[in-house]
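This report walks through the arrangement of a structure step by step, from its domains to the packing of single elements. Please keep the sequence and the structure in view while reading.

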Amino acid sequence: MKRLILLISLIIICSGCFNYNELNNYAIATGMAIDINNNDYEVSVLISNSPKSSNQANGKNYTTVVYSGKGKTIYEAIKQIGLISPKELYIGHLSVLIISEDVAKAGINSSIEFLLQEPRSKKNFYVAISKDSKAKDVLSVTSPLTDFPSQNLATNLKTTTSLQGSVNATDFNTTLYKLVNIGIDLSLNGFSIVGDTKNGVKNSNIETNVPKAYIKLSPLAIFKDDKLVSWTTKNESRGINIINDKIKEIYLRLDCDGGDIVVDTEDLETKKTIDKNGNITLKTSGKASISEISCDIDLTKQSNINKLEKKIENKIIELENSAIKLSKKYSTDIFGIGLMYYQDYPDKYSKIKDYDKFYNNIKFKTKVDIKLNTLGSIKQTLERIENEEDY
Amino acid sequence: MNLYKSVDKNILYIKNINHESSDIVSRLINNNGIKIGYVYLESVTSDDKVSEFLNKSIIGKNIDEFINSIENNIYNSHISTLDTLDNLFYYLASGFTIIFIDNNDKCITVETRMSLDRGVSEATSEPIVRGPKDSFTENHAINLGLIRKRIKDSNLIFDEVIVGKRTKTKVSIAYIKDVTKLKSVIKVIDNIKKIDIDGVLDSGYIREFLRDQSSTVFPGMISTERPDLACSSLLDGKIVIIVENTPYVLILPGLFVDYFHSPEDNYEKPMNATFLRLLRMLCFFITISVPALYVALMTFNPEIIPDELLISLALQRDGVPFPTAIEVLVFVIVFEILRQADVHSPTVSGSAMNIVGALILGDAAVNAGIVSPIAIIIVAITSICELVFYDVDMINAVRFWRIIFIFASLFLGIIGFVSCMFIFITKLSSIVTFDIPYLTPISPVSITGIKNYLLRIKRNKLYNRPKYLSDNTRKMVNHEEINLTN
């Protein structure tokens with residue numbers, strides 16, 4: 001008992017509350033934006049716990065505030081924010097980091113270094129690039145559907161990743177992995193502002209039925225080392241994501257006589273194999289179902305279905321080829337071919353002198369196998385059903 | 001000390017040792033020259049019975065015959081003869097009437113007790129929805145009867161020990177001879193015999209003497225007022241201690257898992273009972289750890305809290321002048337005060353209490369910005385989970401550890417919480433009650449114990465009693481035969 005009392009008193013005396021801080025003394029940053037301005041970094045943080053009024057019983061009353069600071073380094077810029085904010089800045093709950101296009105073009109290594117060093121930051125926030133606008137503005141535009149802008153950005157990334165195919169939510173860990181590892185290059189999503197930026201940052205933006213400004217996800221930006229080299233088109237993005245095996249569902253529009261057919265894929269899976277010369281075989285397999293038909297096609301015939309499957313396969317090959325073409329154009333290894341080659345044939349990899357040249361000479365073989373297993377809810381097109389009833 | 005030959009002297013002696021208390025009643029009857037006298041205490045004796053049994057038996061009898069076979073002539077079933085003065089007052093205080101006869105060295109005691117007990121009533125402190133509703137009373141004989149009524153086995157033994165130098169309280173140790181481990185029964189009886197105390201007014205007095213280790217807050221004995229629980233414990237091989245003048249009997253050993261039971265478990269469907277037992281386990285951990293976790297997360301480790309919750313919490317905390325730990329501690333203590341006030345306040349003022357407690361302390365405190373709503377929620381969850389246990393001693397133990405956990409979190413955050421959890425579990429596993437480790441059947445593992453007490457398996461699948469409670473482990477002796485006949 002005496003020992004226990006001694007132990008407890010020792011804990012109380014010696015610990016000194018080593019890490020004690022009340023939650024309400026923090027300014028919780030959920031979003032961060034990095035811009036460059038006359039060779040100075042401008043870091044903006046979105047602080048999400050600023051109470052609107054003194055009535056705290058209503059917990060839903062979130063308002064956010066964006067503080068910016070400037071400095072030669074990111075750390076200095078954040079220290080500048082400390083001068084403005086009355087509370088201690090807490091970046092442990094960062095959910096999204098927006099890097100402006102300018103910063104990305106100059107190289108993102110130096111700007112994300114701070115977040116890697118900082119022990120209190122968690123490493124699973126999303127990283128994205130702002131396209132055609134300041135990163136700060138992307139962070140500031142309010143959204144009527146979520147409580148605060150950073151949440152809007154993060155959920156937007158998360159949900160569209162599984163639904164669209166052109167988007168691939170990349171978190172900080174993956175970003176670092178791709179930056180640090182040899183033989184793999186980075187591709188990040190972009191955000192752009194549609195509409196009136198000036199009014200979009202106001203709270204009134206969420207009070208109207210038609211928001212004055214909103215944030216839209218753009219296709220991927222591809223990087224060479226840590227520098228942004230090009231934006232992709234939507235189809236190229238989808239090709240990249242298919243090859244990287246990042247998406248399961250994707251919609252494809254196919255031509256058919258005088259109309260369109262839209263199919264949705266399921267369980268799309270791509271396997272990459274590499275031979276000793278560095279040549280790649282891509283095997284894509286999956287299922288597809290029809291979502292919309294606006295042409296005259298008899299889906300009860302097996303031959304038509306086979307034709308349709310062939311069309312889907314060709315479309316996917318087309319998407320993949322466009323992505324391969326783009327990556328060769330900038331000789332950026334967004335598919336991680338070099339890493340695969342290094343893992344499978346380490347001796348040969350070390351002998352490569354000019355990697356870009358090696359990469360451009362790689363031959364890609366694409367094989368796609370799609371099964372059209374569901375035909376939607378109705379077997380015939382609406383037009384055909386109507387005609388049949390006429391007879 | 002032997003009786004005096006003279007009736008007068010005997011009566012005088014009794015009056016003297018009690019300093020002529022006002023409730024001593026004595027009468028002398030001169031029956032054909034033979035002096036007969038009787039004494040009783042009118043406070044504990046029924047006057048009617050005295051008149052009925054005694055006067056009728058004594059007056060108008062053929063005296064010679066009467067003296068020869070005096071015991072046979074009194075119309076009372078509870079009668080004995082004494083030849084010493086030592087125990088006389090104990091009999092008087094128990095409601096006996098003592099008859100002295102001149103020139104006779106023996107006196108006769110006749111039971112003429114007045115019923116000073118309330119009848120068997122419903123269990124008030126352990127109410128259940130389904131199951132027997134009767135409860136023990138203050139009357140020792142009735143209490144034994146409530147058990148005997150349920151177990152009509154000749155192996156059910158009541159060993160009686162009288163404890164208390166002044167109160168002379170009957171303490172009965174009940175056990176089933178061929179089920180309970182006799183070694184522990186002997187140990188318990190020895191321990192009770194060793195008790196040297198002025199008075200025993202409740203089974204709580206006995207409990208303190210029976211604990212091997214006094215340095216733990218966890219109870220080692222279940223105290224209950226439900227005869228059905230006492231009987232099911234007896235059948236499991238436990239020992240029941242019944243103390244005179246209290247409706248609360250002790251069941252021992254009380255192991256950790258036993259406190260997660262409700263008597264109702266036995267009458268529910270096995271699946272439901274198992275679920276409820278696991279739910280109570282969950283409540284135990286909630287009630288012990290939630291305030292401490294809250295303090296640790298809010299002040300040391302906010303990184304664990306999900307984004308949106310964190311912001312909501314931070315907004316709620318905004319403007320509260322006290323540190324989180326103080327806030328929680330104050331409210332935990334305020335709740336305990338409320339509870340204490342509620343337990344001892346008459347029902348008439350109950351509604352006033354509710355208004356003050358719920359409205360003023362809860363709502364007004366939040367609106368005034370003194371506490372954050374989340375702190376109230378935390379304390380409310382904690383308190384509600386605490387009320388799941390029906391054993392007051394367990395609740396007290398939980399309360400004690402909760403405060404320790406809060407302090408650990410207050411000084412060391414989540415590290416403190418985890419270290420405190422280690423200490424807590426170590427402490428729990430080091431307790432031994434009546435030679436059985438406290439955490440049995442969880443640790444050491446006993447499969448039959450788990451089936452019986454941690455979960456509840458279907459009764460027709462429970463063949464054995466756990467070994468740690470009984471040497472005679474077979475519960476269903478003729479199970480195979482039963483199966484065959486079906």
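## Domains and their basis

Domain bounds are those of an automatic or database domain assignment. For chain A, that assignment gives domain 1 (24–231) and domain 2 (234–391), while for chain B it gives domain 1 (7–111), domain 2 (140–254), domain 3 (269–436) and domain 4 (440–485).

This is a predicted model, in which local features need pLDDT of at least 70 and side-chain atom pairs count only at pLDDT 80 or more, whereas totals for chains, interfaces and linings use all residues. Residues are numbered from 1 along each chain as its sequence is written, and chains are lettered from A and ligands numbered from 1 in the order in which they are written.

## The two domains of chain A

The C-alpha centres of domain 1 and domain 2 of chain A are 32 Å apart. Across their boundary, 18 residues of domain 1 of chain A are in contact with 20 residues of domain 2 of chain A, where contact means that the C-beta atoms of two residues, placed from the backbone, lie within 7 Å.

On the domain 1 side, the elements of chain A that give two or more residues are helix 6 (149–163), strand 8 (213–224) and strand 9 (227–231); helices (H or I, at least four residues) and strands (E, at least two) are DSSP runs, numbered from the N terminus. Strand 8 of chain A gives the most to this side, with five residues. By class, the domain 1 side of chain A has eight nonpolar, eight polar and two charged residues, with Ala, Val, Leu, Ile, Met, Phe, Trp, Tyr, Cys and Pro counted as nonpolar, Asp, Glu, Lys and Arg as charged, and the others, Gly among them, as polar.

## A helix pair in chain A

How do helix 9 (residues 234–243) and helix 10 (residues 302–329) of chain A cross? Their axes come within 7 Å and cross at roughly 95°; axes are lines fitted to C-alpha atoms, for helices over the stretch in contact, and angles run from 0 to 180 degrees between N-to-C directions. Helix 9 of chain A is therefore roughly perpendicular to helix 10 of chain A, given that angles under 35 degrees count as roughly parallel, over 145 as roughly antiparallel, 65 to 115 as roughly perpendicular and the rest as oblique.

Among the residues that make this contact are I240(A) and I243(A) of helix 9 of chain A and L319(A) and L326(A) of helix 10 of chain A. The residues of the contact divide into seven nonpolar, three polar and three charged.

## Two sheets in chain B

One open sheet of chain B has five strands in the order 1-2-4-5-3, with antiparallel pairing; two strands pair if DSSP finds at least two bridges between them. Strand 1 (24–31) and strand 3 (79–82) of chain B each have a single partner strand, so one side of each is left without a neighbour in the sheet. The twist averages 20° from one strand to the next. Four bridges join the antiparallel strand 4 (residues 96–101) and strand 5 (residues 107–111) of chain B, and I99(B) has I108(B) of strand 5 of chain B as its bridge partner. Helix 1 (residues 7–17) of chain B lies across strand 1, strand 2 (34–41) and strand 4 of chain B, at about 15° to strand 2 of chain B.

Another open sheet of five strands in chain B has the order 6-7-9-10-8, with antiparallel pairing, and its edge strands are strand 6 (156–163) and strand 8 (222–224) of chain B. Direction ignored, neighbouring strands of this sheet are turned by 25° against each other on average. Strand 9 (residues 239–243) and strand 10 (residues 249–252) of chain B pair in the antiparallel sense over three bridges, with I239(B) opposite L252(B) of strand 10 of chain B.

## Where chain B meets chain A

The contact of the chains takes 26 residues from chain B and 26 residues from chain A. Helix 10 of chain B gives the most to the chain B side, with nine residues, and by class this side has 14 nonpolar, eight polar and four charged residues.
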